[in-house]
Amino acid sequence: MTKMSKITDFLDGVNVIGMAGHIRPDGDCVGSCLGLYTYLKNNFPDKEIDLYLEEIPDKFDNLKYASEIINDTSADKHYDLFITLDASDLERIGGAVKYFNNADKTLCIDHHVSNKGFADTNIIEPESSSACETLFFLLDEDKINVDVATDLYLGIIHDSGVFKYSCTSLRTMTTAGKLMEKGIPFTDIIDDTFYTKTYVQNQIMGRALMESVLFYEGQCIFSVVKSDEFEFYNITSKDLDGIVEQLRITKGVEVAIFLYQTNELEYKISLRSKNKVDVSAIASYFGGGGHVRAAGCTMHGTVYDVINNISERLALQLD
Ligand code: 5GP
Ligand code: MN
């Protein structure tokens with residue numbers, strides 16, 4: 001499939017469309033899913049469209065049609081076309097996989113280097129900043145309204161770290177510029193969804209930073225949030241955004257590792273690197289995936305086991 005294809009190429013004879021993004025939805029996932037959902041509703045009002053996502057972070061609740069997102073995948077339904085966005089493999093779409101498997105046609109729109117292409121048609125651009133940037137080129141620019149532009153801009157700023165990560169390109173900036181011209185509230189999108197933290201979110205970040213540990217002569221840093229802290233602060237994993245990024249910008253650090261406990265001996269791992277370490281390779285080794293500078297996986301054992309196992313893989317890439 002060439003990059004010149006458009007979303008309309010996939011809509012012939014299609015009346016009922018299902019969509020899903022990845023579990024634990026982040027800004028790019030929510031932005032790309034709601035962006036395409038809103039675009040299709042605006043321009044193809046006769047089609048029936050369902051969007052499946054796990055519960056989204058509160059900060060995205062004000063986006064157009066956020067209230068129409070379906071969290072429950074227990075109902076049976078058949079789709080003429082099922083579209084995945086920002087999901088690097090089928091396990092990542094959670095319970096919606098049953099709709100994908102039963103659909104007549106499937107389409108995957110993504111930008112993860114680890115994505116092997118699991119749909120009938122796969123539009124995967126590993127060099128793209130975000131699923132939202134890739135999606136932009138599948139849409140007719142004239143038919144993008146301010147709501148769709150808001151969603152796409154939001155996804156781009158989240159996955160590019162407000163245009164600073166190495167995934168940011170000339171195309172990222174020109175795409176963002178075109179979206180700004182649609183009249184979006186770009187300052188508010190950045191402040192309200194990227195930088196603003198609630199009081200407890202600041203508290204847990206402060207605690208994670210205070211207890212962080214440097215190793216490999218300051219080239220690596222890790223921190224962990226355990227289950228009892230979730231209870232103490234009355235928070236969920238959605239309140240931990242930004243912690244790994246703050247660890248990453250510790251002076252001298254190449255790799256930041258952030259863990260949070262998901263079960264007795266189970267941790268969700270976020271990995272970030274600055275210049276040279278390919279963290280996608282490490283996450284993939286442990287069954288996860290992601291990008292060269294930002295990746296993740298789930299690991300089992302004690303914190304000590306997890307850090308030891310990651311350290312062995314890190315040593316292969318560090319001087
Ligand atoms: P985060 O650390 O923000 O959760 O994720 C960073 C990047 O790694 C994201 O692009 C995300 O999609 C990917 N990622 C995180 N966890 C996993 C995982 O368990 N499996 C896969 N395949 N990718 C992951
Ligand atoms: Mn993404």
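The dialogue below turns to helix packing and then to the ligand.

Author: This is a predicted model, in which local features need pLDDT of at least 70, side-chain atom pairs count only at pLDDT 80 or more, and totals for chains, interfaces and linings use all residues. Residues are numbered from 1 along each chain as its sequence is written, chains are lettered from A and ligands numbered from 1 in the order in which they are written, and side-chain values use heavy atoms, with hydrogens and water left out.

Reader: At what angle do α1 and α4 pack?

Author: Two packed helices are described by the angle between their axes and the distance between the axes. Axes are lines fitted to C-alpha atoms, for helices over the stretch in contact, and angles run from 0 to 180 degrees between N-to-C directions. Helices are DSSP runs (H or I, at least four residues), numbered from the N terminus. Here α1 (residues 27-43) and α4 (residues 146-159) pack at about 165 degrees, their axes 8 Å apart. They are therefore roughly antiparallel (angles over 145 degrees).

Reader: Which residues make that contact, and of what class are they?

Author: Contact means heavy atoms within 4.5 Å. Among the residues involved are Gly31, Leu34 and Thr38 of α1 and Asp151, Leu152 and Gly155 of α4. By class, the contact of α1 with α4 has 5 nonpolar, 7 polar and 4 charged residues; Ala, Val, Leu, Ile, Met, Phe, Trp, Tyr, Cys and Pro count as nonpolar, Asp, Glu, Lys and Arg as charged, and the others, Gly among them, as polar.

Reader: How does α4 pack with α5?

Author: The angle between α4 and α5 (residues 170-180) is about 150 degrees, with axes 9 Å apart. That makes α4 roughly antiparallel to α5. Ala149, Leu152, Tyr153 and Ile156 of α4 meet Thr172, Thr175, Ala176, Leu179 and Met180 of α5. This contact has 7 nonpolar, 2 polar and no charged residues.

Reader: At what angle do the axes of α4 and α6 cross?

Author: The axes of α4 and α6 (residues 186-195) cross at roughly 55 degrees and come within 10 Å. Between these helices, Thr150, Tyr153, Leu154, Ile157 and His158 in α4 meet Phe186, Ile189, Ile190, Thr193 and Phe194 in α6. The classes in this contact are 7 nonpolar, 3 polar and no charged residues.

Reader: Which residues come nearest to ligand 1?

Author: A residue counts as near if one of its heavy atoms lies within 4 Å of the molecule. Of the 15 residues around ligand 1, Arg92, His112, Lys268, Ser270 and Arg272 come nearest. An oxygen atom of ligand 1 is 3.0 Å from an N or O atom in the side chain of Arg92. A nitrogen atom of ligand 1 lies 3.3 Å from a polar backbone atom of Gly289.

Terms used
Helices (H or I, at least four residues) and strands (E, at least two) are DSSP runs, numbered from the N terminus. Angles under 35 degrees count as roughly parallel, over 145 as roughly antiparallel, 65 to 115 as roughly perpendicular and the rest as oblique. A polar contact is a pair of N or O atoms within 3.5 Å; within protein, one must be able to donate a hydrogen and the other to accept it, and residues adjacent in sequence count only if both atoms are side-chain atoms.
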